[in-house]
Amino acid sequence: MNYLSVENISKSFGARTLFEDVSFGINKDQKVAFVAKNGSGKTSILKIITGNDAPDSGQVVTRKGIRVEFLSQEPYLQDELTIEESIFASDNEILKVIERYEKALENPEEEDAYQAAFDQMDLYNAWDFETQYKQILYKLKLEDLKLKVKNLSGGQKKRLALAIILINKPDLLILDEPTNHLDLEMIEWLESYFAKENITLFMVTHDRFFLERVCNEIIELDNGKIYQYKGNYSYYLQKKEERIAAENASIDKAKNLFVKELDWMRRQPKARTTKSKSRQDDFYVIKEKATSRRKEHTVELEINMERMGSKIVELHSVSKKFGDKIILDNFNYNFNRGERIGIIGKNGTGKSSFLNILTQTTQPDSGKVVVGDTIKMGYYTQSGINPKPEQKVIDIIKEYGEYIPLTKGRLISAAQLLERFLFDRKKQYDFVEKLSGGELKRLYLCTVLIQNPNFLILDEPTNDLDIVTLNVLESFLLDYPGCLLVVSHDRYFMDKIVDHLFVFRGEGEVEDFPGNYSDFRAYEDSAEPVKEEPKEKVNWKDNQPKKAGLNFNEQKEFSKIEREIKDLEYNKKQIENEFAEGKVADDKIETKANELQKIIKTLEEKEERWFELSSKIE
């Protein structure tokens, strides 16, 4: 069943064409990732699909009657509402079902209306609605339900918007970078949630583990054309490589044929037959193919790293807390040359605060940080660039000089350096505020690296960078000879570039783990028992008055008992059949008999409670 069709859409900004005649469809139960380089039109296509922008030509057709939800990078929420009020203010069908049931309870004499409302509660599984939404909020670390939206951080607002969408259970869910602002534990929960839920997804994400484990199709926008791959990220990489190889082989073949046909054209045969006219027409097709080339521009990273002495950075008995929240407690560590450390931990455990202490932008409460004389730090923060009003891209780089030193005494101009970071001469004179999120991150990365640091600190560097740029950054960091410290929720990125981890456990506890993220997860999974999440069940309205018939809590209990009685009757029958057919071994007779007696006793208790509740309905 087709949910949404994108039909021949095009979009241009001035003289720049982003894409032309783009078409694809999204069908029920597909989990589709949309992949493209920064600046190629991903965000524009998302806006067009969600109705927040219009294409220059073409159309988007959505199936009538389906429910579509969109998680944007900056979701809209009402500031004065609390977290819980925001859930109940959403356009959620289950809330309407509960409201109809509550009204039916007020008028029990209208049996048909009550039965219809009761059936709808069963159909939507509305009895457990409060449990469902509290479990999702718990997983997304939004446990203070009375906290107002205006007091939430940007990351908390994004998580609340995600929670509301998940609770609403739309037919089609469109996501823009859903893993941004989630810690690793949340991301892994979200992966598991999407894997088991029958929900249709269309998402833009650079998280390659997420692509691998969640998506069953990848749509790529490459050089203005759409390519579709029926598989996960590994399949996409394989098939894309095959496609590019085939395209290059086709171009090479066309070039060889073009040389031969060009010679024929130059001889200008006098006989202008129908056949020769057709050959002339074919020549121009061959010429277009032979002169085509892929726009395979990638970021070129290079650094003239400062020489590093024997003393790097030392932390001696460093402690820090904010109010009652402990970040570091008597922390000691001496960095060595060439160390590559990843930092992981839940949101709020102090990862960014630790980086600020290390770079001495925040002072510890006690202890000291000693930085070697030869150490030059480069700090890529989450805050990014803060441009002046109407500042142009090239002005940002020229603040570091007209010419930038590279390795072996070479110099490069500011304009040439920007071209290496995929800002062409025209783009260099754009205002910084006009750049896309990915372009801003790329420009910021450029400003950090041109300072030639030998101690590089990256705080969430992968946010908003496209996969191609991420691969280039990873290759650069693998060859980077200085010290590297990385905070990232991108597990693929962490696995590739770090040697060991600082695991922030909270309350000032920092563990040094010898391995990458996948090693750590394997260790944690083998070492820890499975923890059951809390399953708090309370009334969804605290002050609900008692009414005739069953109240909300009793109705949930009644529905649950009916299911339990069926399960108990089935188990009782199974054991009785085993005894009747002589399938119970001699040494198991007593155990099986005790099990049967326990089932019969529980069944009697459940049936007694069922009759008690059913008498209220009557």
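Phe 70 stands opposite Ile 174 in strand E6. The model is predicted: local features need pLDDT of at least 70, side-chain atom pairs count only at pLDDT 80 or more, and totals for chains, interfaces and linings use all residues. Residues are numbered from 1 along each chain as its sequence is written, and side-chain values use heavy atoms, leaving out hydrogens and water.

E5 and E6 (residues 172-176) pair in the parallel sense over 4 bridges. Pairing takes at least two bridges found by DSSP. Strands (E, at least two residues) and helices (H or I, at least four) are DSSP runs, numbered from the N terminus.

The pair belongs to an open sheet of 6 strands, ordered E5-E6-E7-E3-E8-E9, with mixed pairing. E5 (68-71) and E9 (225-229) are the edge strands; each has a single partner strand, so one side of each lacks a neighbour in the sheet. From one strand to the next, the twist averages 15 degrees.

Helix H6 (residues 154-168) lies across E5 and E6, at about 165 degrees to E5. Angles run from 0 to 180 degrees between N-to-C directions, with axes fitted to C-alpha atoms, for helices over the stretch in contact. Contact means heavy atoms within 4.5 Å.

Now the cores. A nonpolar core joins buried Ala, Val, Leu, Ile, Met, Phe, Trp, Tyr and Cys residues through side-chain atoms within 4.5 Å; buried means under 20% relative accessible area (1.4 Å probe, protein chains only). The largest has 58 residues, of which Leu 137, Leu 140, Leu 160, Leu 166 and Phe 194 touch the most other members. H6 gives the most to this core, 8 residues. Another core, of 45 residues, lies apart from it and includes Ile 397 and Cys 446.

Notes:
Buried means under 20% relative accessible area, exposed over 50%, partly exposed in between (1.4 Å probe, protein chains only).
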